[in-house]
Amino acid sequence: MRMIDVADITRNIKEMCIEANHFLTEDMDNVLKQASEKERAPLGRQILCQLQENLEIAGADMIPICQDTGMAVIFMEVGQDVHFEGGVLEDAVNEGVRQGYTEGYLRKSVVGDPILRQNTGDNTPTVIHYEMVSGEQVRITVAPKGFGSENMSRVFMLKPADGIEGVKKAILTAVQDAGPNACPPMVVGVGIGGTFEKCALMAKKALTRPVDQRSEVPYVKELEEEMLGMINRTGIGPGGLGGTTTALAVNINTYPTHIAGLPVAVNICCHVNRHAVRVL
Amino acid sequence: MERHIQAPINREEVSGLRAGDYVYITGTIYTARDAAHKRMQEALDAGAPLPLEMLSNIIYYMGPSPAREGRPIGSAGPTTASRMDKYAPALLDLGLIGMIGKGKRSEAVKEAIVRNGAVYFAAVGGAGALLSRSIKKSEVIAYEDLGTEAIRRLQVENFPVIVVIDSEGNDLYETARTEYCDLCS
């Protein structure tokens, strides 16, 4: 049994909120750079270069990459031999977000009620997904999610007869409907299988996988590559203003499902696909 | 075509802008997004005055991140314009000449743009740090309680935008992708 003080959780989450909103992970930096070299449209190339310049300014001047610093989505993979002390874990996580968004000059974009819509003023509460795993470590992923792209995300409750062709059509439909609204070039997270909520969660988590890392399942890897190619032939392009770079990656996760179903979730993220990961 | 314009801007000058033009805006523009538009609509419904003059002005759909000390503004990129589609036609009919955002607009907004000889610009989404450099001054002029959604008056210098829908109703989002779309034929 390992004891972890929840104050350590708060401190790490605070730092990770600030880090994720100012610096992309190396795989994202690289894929954007590669895209600007490959893009065929002149305006598209210009936009991709501006996005790289934007990243440089964000890091150098400590201005958030995007003004929509998101709703903080946090994945907590908790080893089952860990015991938390010093307070309630959920409160500690929210306190980390509160401190990160306040002290880090990040935008407070959360309203306390979806209908009454009063801003909570500190970007809490956060959305936390817990997962119990073996061991005595805690792996924290902070993924601030902007809503320009979140609003364009979809769940499709396909039927078994729709098969893989149905899945491809669903992904392409979501991407084409999103078009310029989702700040392309996008990263497309897909969940296939499970239940209604399981596939949505898989799609969200798929966005946190490095964009240069393909699925270990052979047919899923092929599907990721095929869909990326297909999406980049839609012509939507950087900023939706035409070009050959509409998506930077398609990350797909799968899970067993019911004999009667084929749920597919498509969680779209803009090029500011942010996440910070730490293992305590 | 690359152009430089001074905001506020008159109808005659807007009529010369074409979808696809790369435009640098210098002058005064205003911010408003979802909550501010809702309040302006409520003011119009109640017959109350609006907090800013619409005639010849440009509204930027943007809610910034907080400014660090000594800086006019934080990250300041465009938000999705379609969420303002419900409110935009009424403001255009009152003289609003330009909107800056990102993403598609409804047919009703396009019709109001053509009817009033207005223009819809896109700024690059997700480039808020870069765009903040073109904003020299920012001042909340209304609805301060809305926080990031308050209405701000901005002084901008060479703020870079692209004409997406021009005063004749040409829509760059519809035309630009065809050249690179292998799936469209």
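Biologist: What should I know before I start reading numbers?
Modeller: This is a predicted model, so local features need pLDDT of at least 70 and side-chain atom pairs count only at pLDDT 80 or more, while totals for chains, interfaces and linings use all residues. Residues are numbered from 1 along each chain as its sequence is written, and chains are lettered from A and ligands numbered from 1 in the order in which they are written.

Biologist: OK, how many helices and strands does chain B have?
Modeller: Chain B has six helices and seven strands, where helices (H or I, at least four residues) and strands (E, at least two) are DSSP runs numbered from the N terminus.

Biologist: And why call chain B as compact as a globular protein of that length?
Modeller: Because its radius of gyration is 16 Å, close to the 16 Å that the globule rule gives for 185 residues; the radius is taken over C-alpha atoms, and the rule is 2.2 Å times the number of residues to the power 0.38.

Biologist: Switching to Gly95(B), is it buried, exposed or partly exposed?
Modeller: Gly95(B) is partly exposed, with 15 other C-beta atoms within 10 Å; a residue is buried if 20 or more other C-beta atoms lie within 10 Å of its own, exposed if 12 or fewer, and partly exposed in between, with C-beta atoms placed from the backbone.

Biologist: Where does Gly95(B) lie, and what does it touch?
Modeller: Gly95(B) lies in the loop between helix H3 (88–93) and strand S4 (98–101) of chain B, and, not counting residues up to four places away in sequence, it touches Met54(B), Leu55(B) and Ser56(B), where contact is taken as C-beta atoms, placed from the backbone, within 7 Å.

Biologist: Over to chain A, in what order do the four strands of the open sheet come?
Modeller: The order is S6-S9-S7-S8 in chain A, with mixed pairing, and two strands pair if DSSP finds at least two bridges between them.

Biologist: Which strands stand at the edges?
Modeller: Strand S6 (154–158) and strand S8 (247–257) of chain A do, each with a single partner strand, so one side of each is left without a neighbour in the sheet.

Key. Contact = placed C-beta atoms within 7 Å.
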